[in-house]
Amino acid sequence: MNQPPPQQSHLGAGYYGPPIYAYPQPPPPPNEHFRRLITIAIRAFIAFCVAFGLAILILWLVFRPQKMRIAVSSAYLRRFDLTSSSGTRFLSFDLSANLTFRNPNTRAGIYYDWLEADADFDGMRLGTAGLPVFYQARKETREVPAVFQGRLEIGTPSGSEVEYQRDNATGVFPVDLWIFGRIRYKFGSAVTRRYIMRAVCPARLPLGKVGFSYTDCKVLDL
Ligand SMILES: *[C@@H]1O[C@H](CO)[C@@H](O)[C@H](O)[C@H]1NC(C)=O
Ligand SMILES: *[C@@H]1O[C@H](CO)[C@@H](O)[C@H](O)[C@H]1NC(C)=O
């Protein structure tokens, strides 16, 4: 007659049932496990970075590109005159030179993406000559002509004129040839970023005569 509702009896059975004992031991705190994983990951990352850095260093030492060698192999100063016209002094010049570029590397080729030569006398820029762009394979040497012609206005009286008279008395003019360039090195099929190159060649030019001596240039920036 007075049966308890079936739901209630089911609830009672459930209360003392197995679910309570489903986890006999609490699991290890998940935090500790996680921390150990992170430590391992960090150590692995540091080891990887050190190995990667060493590999790069060794590669760099093995493949390190050397600077190109540049020289003025020949030069002829045809004209270097002081002239006046309506009270203004001019320096007229006609200079041709051959510049020698040598790639000393056994593993790297060189792209000369842009090249220019400037001629300076007593700190004044006489003129600029554009040079051809080219690719230079390993151990290759190449001769490039540079021609400077024109006239430059110089102030009167000027220190440059004094310098000119002094040099004219000896017949030899000191002219610095500056070479500017943008280059890239090539290793196999890999090409480096672009580097700025700057070199100076302290040439001593006998006027109107052969007798120029081969002049090495100093590569300053690279
Ligand atoms: C530069 O080299 C070319 C070819 O070798 C030669 O004909 C020329 O006379 C040289 N220029 C000078 C200024 O020596
Ligand atoms: C340079 O020197 C030569 C002789 O060595 C002379 O004839 C010439 O007039 C000089 N030039 C100037 C501008 O002084």
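**Contacts, core, ligand and helix**

Modeller: Start with Val72. Leaving aside neighbours within four places in sequence, Val72 contacts Ala97, Leu99, Leu177, Cys201, Ala203, Thr215 and Cys217. Keep in mind that this is a predicted model.

Biologist: Which residues touch the most other members of the largest nonpolar core?

Modeller: Val72, Leu95, Leu99, Val175, Leu177 and Ile179 do, in a core of 35 residues.

Biologist: And which elements give two or more residues to this core?

Modeller: β1, β2, β3 (108–121), β4 (124–130), β6 (141–154), β7 (172–187) and β9 (195–206). β3 gives the most, with seven residues.

Biologist: Switching topic. What surrounds ligand 1?

Modeller: Ser74, Ala75, Tyr76, Ser96, Ala97, Asn98 and Pro145. Ala97 is also on the contact list of Val72.

Biologist: Which strands each supply at least two residues of that shell?

Modeller: β1 (69–85) and β2 (88–102).

Biologist: How does the shell divide into nonpolar, polar and charged?

Modeller: Four nonpolar, three polar and no charged residues.

Biologist: Now α3. How far does it reach from its first C-alpha to its last?

Modeller: 17 Å, close to the 16 Å expected at 1.5 Å a residue. The helix has twelve residues, 159–170.

Biologist: Why does α3 lie largely in the open?

Modeller: Because the number buried among its twelve residues is one.

Biologist: What follows α3?

Modeller: Gly171. Its phi is positive, near 80 degrees.

Notes:
Residues numbered from 1 in each chain as written. Chains lettered and ligands numbered in written order. Predicted model: local features only at pLDDT ≥ 70, side-chain atom pairs only at ≥ 80, totals over all residues. Helix = DSSP H or I, 4+ residues; strand = E, 2+ residues; numbered from the N terminus. Expected span 1.5 Å × (residues − 1). Buried ≥ 20, exposed ≤ 12 C-beta atoms within 10 Å, placed from the backbone. Near = placed C-beta within 6 Å. Nonpolar A, V, L, I, M, F, W, Y, C, P; charged D, E, K, R; others polar. Core = buried A, V, L, I, M, F, W, Y, C linked by C-beta atoms within 7 Å. Contact = placed C-beta atoms within 7 Å.
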